[in-house]
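Good morning, everyone, and thank you for making time for this.

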Amino acid sequence: IPPDKVNEKSYSRESAPMSGNQSKKKTDHITGEEERIFCQRCYNLLYHNKVVTEEWQESLTSDRLFLSFLKKKDAVVVTVVDIFDFPGTLLKGLDDLIGVENPTILVANKMDLLPKDVNETRIKNWLKVNSEKHGFRNIHDIFLISAKKNWRVQELAQAISTIRSGFDDVYLIGCANVGKSELINSFLRSTVVGGWKYEVTSSPIPGTTVGMLGLPLKIFGSTFGHNPKGFHFPQGSRYIYDTPGIVNGKQLIHLLTEEELKMVVPQKNIKPRTYNMFPGKSLFLGGLGRIDYVDGDKPVRMTVFSRLKPHITSIRRADEICQSMAVGDKTFLEPPTFSIKRTLPFPPMIKSKRGYVLKGVPGTMSSKDVVFSGIGWASFGGTFNQASIDIWSPNGIGIYIRDKSL
Ligand code: GDP
């Protein structure tokens, strides 16, 4: 961290720009509940390190506002989302939050997890439409990358160089775990010559990037003179900042322990599994997602994209399983892993307040996705006219309906 920049970070509670009462509140369109967004560090302290007081919980709600300092900066903003968890990892109302004066690039990371034959133009259009729906219109360009595999990272670096006109800082922003640190590492791998090594912590456990990390921006040009003993920070240089991630309280992965995350987070591209579902049937993704096909005129074809293998049963049996989970009895559905000791009890499976009616266009294929944030999604197809579904998740959080399938 360049010494003169250390105090610029404004994400701590003491320096949060607004109080909790002034925070802009967003409402989840499915559950009708307010979306709570935390600074990654606070969330981890709260849920994984046993610091729990109600007063303190209340004070965390406005932490996403630390990003509003970007309104006053001349900067290029690179917003990173996880393509596997979209729109769960999109910061909602971004135009309001960071302003629309600065050029903003949307980067969809972890493309290596999608099936190989995806149509990239279609995904870009789809990202644009869905981002706009969630209050993010100021999109200068969209990149589909894999930071881990270094896919399209050089092209992204080139685009950033071109639009920053040589004098603006660059800020990477995004939810925890979308791959911001991995992206910086990938920039370094792709652009720094001569075997010079610098690693930014990247971890499967959300909550490890806790500071604002600045790296000199000349890595985007040809003039970066590297120094084997460490970075050199000349007065007046410009930087790329890795901001601490923001935890969206609706992301299901944040309920999980490290052990459970390993069961859920895909390591390689997902192989879709397709099922013919009849009315009265229910499909589980571990104990983290459940879709009931309550009523409809025909079977629906459900294609599931998840590391977790789906379990299909009757709705009646599914209710029994959820009741057992709610009273803390062991079930065969994992995660949550029964034997893990937790600070707070694992939230019970709850049906989203709103039932959902999917309408097919008679005689043609219908296509909608039900997304469980970070866990996967089910894409609906078939020639049904109408299908009523109920969707369940722990505490009813992390559920999204996408208009068009990837
Ligand atoms: P940050 O919290 O946004 O800084 O996220 P990290 O860089 O720490 O990455 C979070 C997790 O996502 C780690 O397990 C990374 O290995 C993984 N990850 C990051 N980029 C990619 C990618 O392009 N593909 C895949 N499959 N995993 C990635």
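Let us begin with L67, which is buried, having a relative accessible area of 0%, where buried means under 20% relative accessible area, exposed over 50% and partly exposed in between, with a 1.4 Å probe and protein chains only. Please keep in mind that this is a predicted model, in which local features need pLDDT of at least 70 and side-chain atom pairs count only at pLDDT 80 or more, while totals for chains, interfaces and linings use all residues. Residues are numbered from 1 along each chain as its sequence is written, and side-chain values use heavy atoms, leaving out hydrogens and water.

L67 sits in the loop between α2 (54-59) and β4 (75-82); helices (H or I, at least four residues) and strands (E, at least two) are DSSP runs numbered from the N terminus. Leaving aside residues up to four places away in sequence, L67 touches L91, L97, I98, I173 and I246, a contact being heavy atoms within 4.5 Å. The C-alpha atoms of L67 and I173 are separated by 8.3 Å, although these residues are 106 apart along the chain.

Turning to the strands, β12 (residues 281-285) and β13 (residues 289-296) pair in the antiparallel sense over five bridges, where pairing requires that DSSP finds at least two bridges between two strands. D292 in β13 is the bridge partner of S282, and D390 in β20 is the bridge partner of D292.

For the whole chain, there are eight helices and 21 strands, and 56% of the 406 residues count as buried.
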